[in-house]
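Colleague: I am new to this structure and would like to go through it with you. Could we begin with how the terms are used?

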Amino acid sequence: MSTARQKLESLKKVFMYGFLAVVSLISIFPFYWMFVMATRPSAAYNSIPPTMTPGDRLVENFQAVLNKIPFFGALWNTFVLCVVVTLVVLLISSLAGFAFAKFKFPGKNVLFLAILLTMIIPPQLGLIPQYYLVSKFHLLDTLLGVMIVFFLNPLGIFLMRQYISNSVPDELIEAAKLDGCSNFKIFRSIVLPIILPAFATLGIIVFTATWGEFLWQFTVLRDPASYTIQVALSSLNTTNNVDFGMVMSGVFWATLPLVVVFLMFNKLFISSITEGSVK
Amino acid sequence: MWKRKYRSEEQKDKISAYLYISPFFIIFAIIGLYPAIFSLYLAFQRWNGLGEMEFVGLRNFTIVLQDPVFWKSVYNTIVMGLMGTAPQLVVGIILAFILNQTYLKFKNTFRAMIFMPYITSMVAVALVFGVFFSNNETALANYVLNIFGLDPVSWKTSEWGAKIAISIMVFWRWVGYNTIIYLAGLQSIPKSLYEAARIDGANILQQLRYITIPLLKPFIILTVFFSTVGALQLFTEPTVFLGNAAFSRTEAMTIVMYLYRDAFNLQSFGTASATAIILLALIIIFSAINTYLSSGLGKKERRAKS
């Protein structure tokens with residue numbers, strides 16, 4: 001009886017490990033395949049059975065990418081975009097979160113609800129007028145034109161309010177006030193140091209979302225010199241006779257930095273994304 | 001004297017508070033509220049983006065609603081939304097359930113691998129899967145089909161080929177994300193509940209049905225809501241996957257692609273704005289229905305129990 005039960009138990013374990021292994025393989029296979037194809041000539045796609053080992057065209061394929069798109073310029077543009085957007089969103093969100101968590105003022109609840117409601121507006125609704133505004137102010141093909149829309153981040157205010165009201169004690173603020181600290185000084189020297197972990201969480205969320213966003217960047221940036229990496233990569237696939245080795249090389253080198261950063265900080269990464277959605 | 005000073009302190013706090021929340025509202029007014037209202041206005045105008053606007057009443061809406069391509073895009077969006085997101089719910093819960101087992105080894109490694117697709121950008125995913133699902137008979141996807149004795153599919157130009165390929169890439173990128181959210185939910189369920197159920201003789205399926213699903217419900221509702229909204233906004237994957245055929249073929253054209261094509265390829269900003277408003281309505285309707293349906297999940301069981 002007990003051996004039958006043990007058998008069933010170990011069968012269950014085998015099934016679970018098997019299922020996890022299969023899903024994990026499917027999850028990481030495209031990363032490996034990306035690398036293989038980035039090192040092979042385009043013709044490798046026609047080989048049967050399919051090529052599964054790296055070849056020797058790593059450099060040539062990447063040179064083809066460099067000839068087609070301003071790869072490093074685009075990567076730099078994306079980097080600048082993400083850093084500026086993240087810093088601005090952190091500043092706006094923490095200030096507003098501080099106000100909503102620790103101050104009393106008329107209309108507080110209504111205004112906070114209004115911020116939450118703005119989350120429902122889909123970005124496509126404003127797409128055309130935003131494009132019109134950006135072109136009116138001659139910001140097409142500029143990073144500033146892209147950024148300005150990403151500065152709007154209601155989720156950030158929500159997260160910061162939660163974090164500040166849970167982790168900054170009222171007594172600390174009261175004490176600082178009795179010492180004659182101004183509100184901004186309290187924010188800078190008391191609130192900011194306490195909420196640094198929340199900055200990491202929100203920063204990761206905003207940075208990755210900005211990095212991967214496509215529709216708006218694709219709409220605003222038409223001049224190759226202004227391309228971000230997403231727009232540049234998408235332009236690799238717009239000719240009829242696509243060089244697959246080149247496309248995969250571009251994708252591989254653009255994805256590699258993300259994979260390295262993720263593997264280094266995967267726990268922080270995963271917990272940030274979870275907190276951002278579940279809170 | 002003392003009282004007056006106190007009051008002015010309160011006044012100061014109010015001013016600070018309004019000052020601190022003002023950046024959000026200023027930016028919102030310029031790039032959130034104004035564009036939303038402008039869209040609403042544009043939906044009733046005829047405008048090519050340059051010349052004079054002309055009031056046309058509801059004509060933009062009738063043009064869009066009578067356009068078979070629009071309905072095709074609605075159909076495509078719903079079909080790909082269902083195929084791309086519904087299986088995630090099931091697979092995500094199973095994966096989270098397994099990852100939550102106490103005896104499981106290499107938990108963090110499995111978790112990181114399953115989550116990894118989420119860090120790739122949608123553009124990268126669409127390009128990689130675009131090669132995997134190329135039209136060539138020798139494409140890797142066709143090679144796999146061949147192993148099972150099936151005929152090759154021209155993935156980018158066939159009605160179901162394109163939809164299936166796009167659904168698969170959506171599934172691949174998001175299933176790990178949903179798994180992680182369910183896992184967070186599972187970790188909030190006390191282990192003693194399962195022990196008590198096991199003592200009462202409940203098997204693993206019963207545990208899943210009477211403990212896991214009901215207590216996971218808020219997390220399921222959350223992911224269903226996100227998935228619904230995200231699915232209706234599908235744009236990047238099909239656009240990049242189809243490359244320069246994206247706006248000239250209709251096998252995988254989504255509502256947002258239809259909107260984009262109207263605005264930026266056909267310079268018809270009025271009908272594009274009308275489409276945006278129809279899209280907003282669809283998002284509200286579908287997310288309400290799906291949230292309602294998923295919040296009904298597991299209700300019967302609980303009533304039967306109590």
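This is a predicted model: local features need pLDDT of at least 70, side-chain atom pairs count only at pLDDT 80 or more; totals for chains, interfaces and linings use all residues.

Colleague: Then is Thr118(A) buried or exposed?

Modeller: Thr118(A) has a relative accessibility of 13%, which is under 20%, so it counts as buried. The residue belongs to helix α4 of chain A, which covers residues 108–118.

Colleague: Which residues does Thr118(A) touch?

Modeller: Setting aside residues up to four places away in sequence, Thr118(A) touches Pro154(A) of its own chain, together with Phe24(B) and Phe28(B) from chain B.

Colleague: What about Ala96(A), and where is it found?

Modeller: Ala96(A) is in helix α3 of chain A. Its relative accessible area is 0%, so Ala96(A) is buried. With residues up to four places away again left out, Ala96(A) touches Ile157(A), Tyr20(B) and Ile21(B).

Colleague: How many residues lie between Ala96(A) and Met160(A) in sequence terms, and what is their distance in space?

Modeller: They are 64 residues apart in sequence, and their C-alpha atoms are 8.1 Å apart in space.

Colleague: Let us turn to the nonpolar core. How many residues has the largest one?

Modeller: The largest nonpolar core has 182 residues, and those with the most contacts inside it are Trp33(A), Phe98(A), Trp216(A) and Phe115(B). Helix α3 of chain A, residues 71–102, gives the largest share of this core, with 15 residues.

Colleague: Which residues are in contact with Phe115(B)?

Modeller: Leaving out neighbours within four places in sequence, Phe115(B) contacts residues of both chains. Among them are Phe262(A), Phe269(A), Ile270(A) and Ile273(A) from chain A, and Gly176(B), Tyr177(B) and Ile180(B) from chain B.

Colleague: Now the aromatic rings. How many pairs are there over all chains?

Modeller: The structure holds 53 aromatic pairs over all chains. In one of them, Tyr131(A) and Phe264(B) have ring centres 4.7 Å apart and planes at 75°, so the pair is edge-to-face. This pair crosses between chains, from helix α5 of chain A to helix α11 of chain B. Both Tyr131(A) and Phe264(B) are buried.

Colleague: And why is the pair of Phe218(A) and Phe235(B) called tilted?

Modeller: Their planes lie at 50°, with the ring centres 6.3 Å apart, so the pair is tilted. This pair also crosses between chains, from helix α11 of chain A to the loop between α9 and α10 of chain B. Phe235(B) is buried, with a relative accessible area of 2%. Ring pairs link residues of both chains into a cluster, including Tyr131(A), Phe218(A), Phe235(B) and Phe264(B).

Colleague: Which ring has the charged end of Arg173(B) over it?

Modeller: That is the ring of Tyr118(B), whose centre is 5.1 Å from the charged end. Lys163(B) lies over the face of Trp160(B), at 5.6 Å from the ring centre.

Colleague: How many disulfides are there?

Modeller: A search of the whole structure finds zero disulfides over all chains. As for individual cysteines, Cys82(A) is buried, with a relative accessible area of 0%, whereas Cys181(A) is partly exposed, at 24%.

Colleague: Finally, what domains does the assignment give for chain A and chain B?

Modeller: For chain A it gives domain 1 (2–60) and domain 2 (69–238), with 38 Å between their C-alpha centres. For chain B it gives domain 1 (2–42) and domain 2 (62–305), and their C-alpha centres lie 38 Å apart.

How values were computed. Residues are numbered from 1 along each chain as its sequence is written. Chains are lettered from A and ligands numbered from 1 in the order in which they are written. Side-chain values use heavy atoms; hydrogens and water are left out. Helices (H or I, at least four residues) and strands (E, at least two) are DSSP runs, numbered from the N terminus. Buried means under 20% relative accessible area, exposed over 50%, partly exposed in between (1.4 Å probe, protein chains only). Contact means heavy atoms within 4.5 Å. Domain bounds come from an automatic or database domain assignment. Rings of Phe, Tyr and Trp (its six-membered ring) pair if their centres lie within 6.5 Å; planes under 30 degrees apart count as stacked, over 60 as edge-to-face and the rest as tilted. A charge sits over a ring if NZ of Lys or CZ of Arg is within 6 Å of the ring centre and within 35 degrees of the ring normal. A disulfide is a pair of cysteine sulfur atoms within 2.5 Å. A nonpolar core is a set of buried Ala, Val, Leu, Ile, Met, Phe, Trp, Tyr and Cys residues joined through side-chain atoms within 4.5 Å.
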